[in-house]
Each structure stands twice: as structure tokens, then as C-alpha cells.
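The sequence and structure come first.

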Amino acid sequence: MSATSQGRTPAAVSDKPEDSTSPVRRRRRRLRTMTTRDRIVVALLLGIPLLLDLAFVWFPAIGTVLLSFTKWNGVGSLHEKTCQPNMPSILNNGCWYGVQNYHQAATIYPEFWPAVRHNVIWLAVFVVIATPLGMLFAVLLDRGLRGTRIYQSLLFLPVMLSLALIGIIWEFIYSQNYGLINTVIGRNGNSNAIDWLGNPHLNLWAVLVEATWRQAGYVMILYLAGLKAVDPTLREAALMDGANPWQTFWRVIFPVMKPINIVIMVVTVIESLRAFDLVYITNKGINGLELLSVLVTSNIVGETQRVGFGSALGVVLLVISLVPISIFLYQTFRREDTP
């Protein structure tokens, strides 16, 4: 009896081999053929990074959030009792403090709001100046200028130096009496010298020049790697359509580098908010250079040892870093989903 007379069409018969070799079945067959050793290797490759991530990122972050609601000096144990008002701190150590740490930081801690403002300025300078400058360097070097390797090495040199060493180098440049800048502009005398690092109205911007010098080289390398990975045929197609270099970059190349843009945005926010070395080398983060990272350190490991209060400042720093990253990612993926 023919296949047609049995109620089966030739198409149905021909579909059987395709179904048996479908990607799902091939994947299941591949999993079934994995040996015990293969499963152990896969479990180790996935489990070890996961455990390290939990141990060094998530557990400390969650622990910091929990500690921010306590009044603890780092000595002794924590308990669930509520802190009693009008009692010495040593008797309230380890108690549940609620949101009082945040309330005190916002109301009676004089360094808090200047530190928040300085962190926001630091982030704005990195986003508006350092990142576009690094992008410009990458675009120029990607065009194959003469001596590209030399320029690339010179611009990347600050990235290879530690932030502490960069701070020391720029201290010589900003020196009040013998610094390079005051010598060049003729203001290195005792009477008319400019105190770049001691003046609270100037030192933040002076340190931001140091940070931008390093950050621009970092961004340049990331963008340069992204530009090298772009398909050359996209440039050729844009040139054939009559696009100039400016239009080619912004309308063709830049949208293709969306993964690099996301990485650079995250790195920029992190680098701007974890800034510590430069201001600490300059004047220990006081007198116009207050930053949240310095306040966190001084409260947790300083003389006061207010671990709960320092943890609250750390949570504030975490929230400030998550806001611009979340907004950028939301805008990026929303534009992608928009037809």
C-alpha cells in the first residue's frame, strides 16, 4: 500500500529525518555522550568562577548593606537588639541602628555633601572630557598615521603607571615654587606662586587633569581594539555611498561598537567613583578633595572605626555608581528594541 493511501503525505515522510537531526536532539545526544570526567570539568569551570564571584563580590556587597543598618565599631559581635538612645557608643556597639547612619551622613556629617558633589564632578569630567578625548585618540591612531606605534605607547604609558606614582609625578609639576607649570608661566616666586594643590578652589580641577591624563589612554586602548574589530567592508560601503569620514564614523562605525561603548561606560563610572589614590597622595582627601571613597576608608579603618557608618557611605557610593550605568543600559537596549 502506498504512503498516500495510508493517510501519510510524502512531505510527512520526508520530515522524519529532519526531525531526528534537529538541533535540540543533537544537543541532547551530545549531553548524553559526555563522560563523567567531562561533567566534572564543566562543573569546575562554571563552579569555581561562580564561587569566587560570590565570595569576593556579592557576599561583601550584601554584608556592607546589612552593616550599614548597624552601629558597630568592628570589635565584638553583632546582635539584633535596637540601639538605645542617650547611651555611650560602647554600650550600643553591634546593635541595630536602622537608617540613622544615612540620616546622620546627610544631616550632621559636614564632609558628606562636598564628597558627593566632588564625585559627581569627577564622573562628569570623565564622561564629557576623558572619554571623548580617548575616542579621538583612537580614531586618529586607527587611520594609520606615521609613528602610530610611538604615539600609542606614549598615550598608553600613564595607564601602566600606578595612580600613586602618577600623583607623585604631578606633585612635581604642580609644585608651588619649583613646579613646571609655575615656572613656565612665571609664577614660581614666594609672593605670587599659585598653590595648585593647596587651594581648595583649584586642587580638585588640578587632580582631575591627572586623572584625565590616565583615563584618556585607557579609553583609547579600548576604542582602538573595537575599531580594529570592525568589518572593513562597512567603511567601504559607506564610502561608496558618498559618506565623509565624520558620517562614516558616527552613522556606521560607532553604532557597531555598542558592546565596546557599554564596557567603556561601565569602566568610566567605576573608575570615577573609586578614585582614591590621587587625592590621598595629594592631601589625604581633605581641604577641597573630599571623596566618598576617602570617607569610607577613614571611617572604617581610621581612628574612629565606625564600620556601620562607613558601610552606609559605601552603599551611597554603590547607588551613585548604579544609577548612570542603569540609565545608559536602559537607553541603549531600548533603542535596540525599537523597530
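## Disulfide

Cysteine 83 and cysteine 95 form a disulfide, with 1.6 Å between their sulfur atoms. The model is a predicted one, and it holds 1 disulfide. The cut-off for the sulfur pair is within 2.5 Å.

The torsion about the S-S bond of cysteine 83 and cysteine 95 is about 95 degrees, so the disulfide is right-handed. Cysteine 83 sits in the loop between strand E1 (70-71) and strand E2 (95-96), while cysteine 95 belongs to strand E2, so the bond ties together parts 12 residues apart in sequence. Cysteine 83 and cysteine 95 are both buried.

## Cavity

The count of cavities of 30 Å³ or more comes to 1. The largest cavity has a volume of about 110 Å³.

## Cavity lining

Which helices each supply at least two residues of the lining of the largest cavity? They are helix H5 (112-142), helix H9 (203-228) and helix H13 (277-283). Of the elements involved, H9 gives the most to this lining, with 3 residues.

The residues that line the largest cavity are Trp122, Phe126, Leu163, Ala211, Arg214, Gln215, Glu271, Ala275, Phe276, Asp277 and Leu278. By residue class, the lining of the largest cavity divides into 7 nonpolar, 1 polar and 3 charged residues. Gln215 is one of the lining residues and counts as polar. Arg214, Glu271 and Asp277 are also among the lining residues, and Arg, Glu and Asp count as charged.

Key. Residues numbered from 1 in each chain as written. Predicted model: local features only at pLDDT ≥ 70, side-chain atom pairs only at ≥ 80, totals over all residues. Heavy atoms only, no water. Helix = DSSP H or I, 4+ residues; strand = E, 2+ residues; numbered from the N terminus. Buried < 20%, exposed > 50% of the residue type's maximum accessible area, 1.4 Å probe, protein only. 1 Å grid on protein atoms, 1.4 Å probe; cavity = no way out; pocket = protein on both sides within 12 Å on 5 of 7 lines; lining within 4 Å. Points joined across faces, edges and corners; volume = space filled by probe spheres on them.
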